[in-house]
Amino acid sequence: PTIAAWMREHNLNTIQVYQLFENAMHAIARTPAVNKSVVVWEEVFDNALHIPMNTIVEVWKSASVLKDVLGAGYRGLLAAPFYLDKQIPGLGQGENVPTTSYEWVDTWKSFYGVDMTANLTSAEAKLLLGGEGAMWAEQVMDTNFDSRVWPRNSAVAERLWSSPLVNDPVAATPRLNAQSCRMQRRGIMCGPVAPSFCLLPSDVNRHPLSA
């Protein structure tokens, strides 16, 4: 009520207040004492707010918005196809969802199959900084967080950090299994991506390997 009264007093609508907030936040972030880059959610762009051209826009709702962001000259990050909390991942909210995988753990293949540069011009692709694998907390707690995030996020990482030609899920499966074993040896209780066996330190202690 206090904010609504303040808006009426100054004859401001919601978008105008939103703009005031963004202006203040950008001013703080760019002071010499702070000197930080600014990343905003795509809503700032969607609502046609005025933001400096060196602002980074993170697209989380729909991958199709990414092209609009980059086409407008902003640098972009893509999170929409990489939401680890989705048990049936699609490209983003409001978009067609592919046929579900047979097993829940197979959802890594949906993340792995994303081509972030599809339908982008070369100029737009140069403004794409990368992506983010996101895990929201509604369906996790300390007992299952690791198994939901890993090693599925390793699939996201391989696609983001590799050549676009590295895109075969069959070839990626043994690499992700190997990474899963490395993580388990470090005490990270990650989930499987395919049937496999990890030789853990406890196994070696019980059954010492002969020279």
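Lys61 is partly exposed at a relative accessible area of 28%, where partly exposed lies between buried (under 20% relative accessible area) and exposed (over 50%), with a 1.4 Å probe and protein chains only. This is a predicted model, in which local features need pLDDT of at least 70 and side-chain atom pairs count only at pLDDT 80 or more, while totals for chains, interfaces and linings use all residues. Residues are numbered from 1 along each chain as its sequence is written, and side-chain values use heavy atoms, with hydrogens and water left out.

**Salt bridges**

- The count comes to 3 salt bridges, each defined as a side-chain nitrogen of Lys or Arg within 4 Å of a carboxyl oxygen of Asp or Glu.
- Lys61 pairs with Glu43, their closest N and O atoms being 3.8 Å apart, and this pair links the loop between β2 (56-59) and α4 (64-71) to helix α3 (residues 42-46), 18 residues apart.
- Helices (H or I, at least four residues) and strands (E, at least two) are DSSP runs numbered from the N terminus.
- Glu43 is buried, with a relative accessible area of 19%.
- Lys67 and Glu124 form a salt bridge at 2.7 Å, N to O, so helix α4 and helix α6 (residues 122-126) are tied together across 57 residues in sequence.
- Glu158 forms a salt bridge with Arg175 at 2.7 Å between the closest N and O atoms, joining helix α8 (residues 152-161) to helix α9, 17 residues apart.

**Asn177**

- Asn177 belongs to helix α9 (residues 169-185) and counts as buried at 12% relative accessibility.
- Leaving aside neighbours within four places in sequence, Asn177 is in contact with Val193, Ala194, Pro195 and Ser196, contact meaning heavy atoms within 4.5 Å.
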